[in-house]
Each structure stands twice: as C-alpha cells, then as structure tokens.
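Try each task before reading its solution.

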Amino acid sequence: MAENLDGPLIVQWARRAAKGLREKQSEINSLNVFPIPDSDTGSNMAHTMTEACESSESVDEHNTAEVTAALASGAVRGARGNSGVVLSQVLRALADTAARGPVNGAAVAAMLRQAGGFVRSAISSPVEGTVVSVLDAAARGAAAGKESLRDSVARALASAEEALENTPSQLPVLAKAGVVDAGGRGLVVILQALYDVLDTAEGVDAEGTHSSTDAGTDAPVHARSCELEVMFFFEAEPSSDAVAELREFLEDHGNSVIIGPISDSEATVHVHTRAAGPIIEKAFSLGTVTRLRIEVLPERDVDQEQLPAIPIIALTNAKGVAAVFEKAGAVSLTWNNDQEADHQALEDALSQTGSGNVAILTNGFDTSGLAATDRRLDIIDTKALVGGLAALAVHDPAAEWDDNVEEMLDAVAAQRSVSCSAEALEQTLNELLADGGELVTILWSGPDMNTQRIEEVKETFTELYPDLLIDAYQADGLGAGDTAVQIGVE
C-alpha cells in the first residue's frame, strides 16, 4: 500500500481526474446556478485539468516536485472560469506541499488546508455553500485520517461528499434550484479519482487527456445578458505591485474577481464585467497578457430595474441577429428602411435606454432617412454587424460619454470585416489573418453553417495562431450564400 503520493501516482491521479471531469461534464454543468447560471463549470474544470495534464507531459514523472509544479503551472495558465481558477489553486497547493517533502497522509491534509487558503485569497468575496466550504470540509476530514495516506484520502472524500450535500442549506440560490454546488461536485470527482488511484493496483487507464472540453452538453440553456466573463494570464515585473494594482482595478470595474497566482508576479485572472475594454487596457498597461478569453454571460436572476440601461441601439434585420446584440447588452432595433415605421421603432428603442445620450450602431444599414429626435444621437457607422459588436465591446458605463464614442469609433476603425459563404470561411479567414490580428469575431447563420463546423474552424486557427481569440455567434437570419458568414478581425 502506497504511503506517499509520488510522481507516477500523481500523474495517474491527474489523468483520472481529467477523465472523470470530462465524463461528469454535463452533470456538473447542469448544476451551475451560482454565481452565474452559465452552465460551464464542468467544462471549465475539465479543460483546466486537461491543460494541467498536458503541461506535466514535458517533465520526468518520477520527479514528484517537477510533476506537481508542471501541473500547477499548466492549470494556472490554462484555467477557465471561477472553477478553473479554484482548481488551479488546489494544484498550486499540491506543488508547494511536494516541494517540502513526501506527500503522505498528513501532507494531503495540509495541502487541502493550504488550498482552501489559496482559494479564499484568490476570490475577492468567498461565499459559503460553494466549493470553498467543500474544500474546507475535505481538509478537516483528511486531518482525521491518522492511519495512512489512503485513510486520509478516504476521509477527505467522505467529508467532501457530506459538505456537498449540505451546500443547499448554506446558499439559498442552490436550494431554490434544487441542486448542490457545481464546483463542489467537481472537487468530489477529483478526490474520488485520487481515492480510486490509491485503491486499485491498476491505477488509471492511460486514455488520452487531449479530448476537447468545449463540446456541447445536455445542460439547460439560459437567457443571456450583457455581462462578460474576461479571463487571461498575467505576467508583470517581479518587483512590481502590478498584481495588487490590477486586483484593485478589477474590483472597481467588475465582480466575481479571482486572481490565482503561480508566483508573486504571475497569475491567472478572472472577472465578470460590463466594461471589458478598460480592464484589458489596464492589464496590458501593467504587464503582459496572454490566453485572453472573453465570453458573454447569461442573465442573473435579478430584477431588470437593478441593471443600468446601456444607451446603445443596434440596427438589425432578423431575430437571430437581434438576439446576439441583446445578449451583449444593446437594445436591438429591426431596420426596415421605412421612415415612418423606423421612426416609431426608434422611439420605442429610445424608451429602453434611459434619458441621456444614445449611440446608434448602424451595422451596415442606411440611416440617411433617420428622423430627428429630441435626444442626442451619436451615429456610429460600424460598416457591418461584426463592427457593431466591436464597438459594443469597448463601451464603458463608467467613462465619459464622448470618450466612449471615441473608443467605439476607434474599435470600428481597427477592424477589417468581410462577408463570405460557409464554404469560403477558412480561405477568407486565412487571407484576413495574413495582415495580422489578435481577435476574430464570426457571425454565422444556418443552414449552410453549423456549430460543429465552427468549432472545427476555431480549433484549427487557434492551433495555427496560439494567441488568437475567436468569438463565434450564431445569428439566424444573417443571410445565405455569400452572406451566410460575417468575419471581423482586429
């Protein structure tokens, strides 16, 4: 019976955990109602653990310290979502523990306790009834396992399972939905994988750990809102206070702030915000940003009156297209090139934007017949629908209005856009990227295009351009033939 977790056992544990998270991905996603019901906790944890496994493949698995350091580094750099950052801090605690000596039963308890501290430090506002509670319980359980490594892990698992069942009594939103915490469920899967590795002579089968974790799930579909999830890996000068300064800025401009460090000057960063542009600019001003990822988050279960109106109206031509802009926070307006009907539609849209200034994103429509109103309207010629999304992404509710307009105009000017057929997508994207680019926005419409094809394109081009971020949105009614796809490159 193993008394210590050595490198080969830890590699087996990580691979089994990645496999288990992929298998339970849909289940965990369906539990995801807090802090945002975006149904991706299982996907994010599976992706993060897979990234950790891939990182460990480049080191000698018999060197426990190197293996655990590689796992931690891969997880921090590849973390996705709140849950991915939490997982990265558990592996960071494992690396710290392994660097100090043998990973026996007492060390596992200390590791879980340290992981709890790392996670609470990473999260700006820890909430009981989430994975933090399950992690604390696992640490207490492991500490009670005096007999052996296996006993410590068994008690940690049992305590985590019990704490997971209690999460609805700690967090009302879970009780209302009739679910346990999604992140806590993922942690139980990871601890179960460790117990299984210790409990079987065979360990783990060596199935590949490179399976995609971005596949579709059976999770319920939720409505979307204008809040964005922003994630990136951040590196600064070792002697600077850049990480602390960045955290302060994030807390002023967003929520669900988590900074998971791998060192004093390197960290994975996560925030939910309505102002992604200023946050990204601030991060670039303080250090180096890589692995940038931005996703639209679903609607919170709050009264709409609590959400500030975003004074941006996007002209569209179909319900599917309108939905894309509404998810990103704009008010959509179906444009018919009928002056009387469009004027009435504009008045209705204006009633949803408060009483101040308003920006109109033309999105390729002719607005020469736009009737006058008693409101200041800043007409932003976005050229195409993808240009409208580029302008919308840099809007900052906290900024001066004229500064916002200038930023939106600059965003449109920096984008190259084109429409093409589904068949020509790869060729067109290759041609656009030949002149450089860091962010690609794709709008697509069926039946010529489908989700599987889009995912294949994203996988192909992110392999060709590792620092490239691709956002793709289905916009039914966009068009057909040569207009089935719109591409924007910035």
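Predicted model: local features only at pLDDT ≥ 70, side-chain atom pairs only at ≥ 80, totals over all residues.

The chain has 18 helices and 12 strands. Among contacts with a separation of 6 or more, 73% are between residues 24 or more positions apart.

**Exercise 1**

Task: Find which residues touch the most other members of the largest nonpolar core.

Solution. Start with the core itself, which holds 74 residues. Within this core, the residues that touch the most other members are Leu5, Trp13, Leu21, Met49, Leu91, Leu112 and Ile190. Next, look at helix H10 (residues 182–199), which gives the core its largest share, 11 residues. Finally, display Trp13: beyond its neighbours within four places in sequence, Trp13 contacts Leu5, Leu94, Met111, Ile190, Ala193, Leu194 and Val197. A second, separate core has 25 residues, including Val324, Phe325, Leu361 and Ala384.

**Exercise 2**

Task: Describe how helix H3 (residues 41–56) packs on helix H4 (residues 64–78).

Solution. Step one is the geometry: the axes are 7 Å apart, at an angle of about 135°. An angle over 145 degrees would count as roughly antiparallel, and 65 to 115 as roughly perpendicular; H3 and H4 are therefore oblique to each other. Step two is the handedness: H3 and H4 make a right-handed crossing. Step three is the contact. H3 contributes His47, Thr48, Glu51, Ala52, Cys53, Ser55 and Ser56, while H4 brings Val67, Ala70, Leu71, Gly74, Ala75 and Gly78. Sorted by type, the residues of this contact are six nonpolar, six polar and one charged.

Technical notes
Residues numbered from 1 in each chain as written. Heavy atoms only, no water. Core = buried A, V, L, I, M, F, W, Y, C linked by side-chain atoms within 4.5 Å. Buried < 20%, exposed > 50% of the residue type's maximum accessible area, 1.4 Å probe, protein only. Helix = DSSP H or I, 4+ residues; strand = E, 2+ residues; numbered from the N terminus. Contact = heavy atoms within 4.5 Å. Axes fitted to C-alpha atoms, helices over the stretch in contact; angles between N-to-C directions. Parallel < 35°, antiparallel > 145°, perpendicular 65-115°, else oblique. Left-handed = near helix turned anticlockwise from the far one by under 90°. Nonpolar A, V, L, I, M, F, W, Y, C, P; charged D, E, K, R; others polar.
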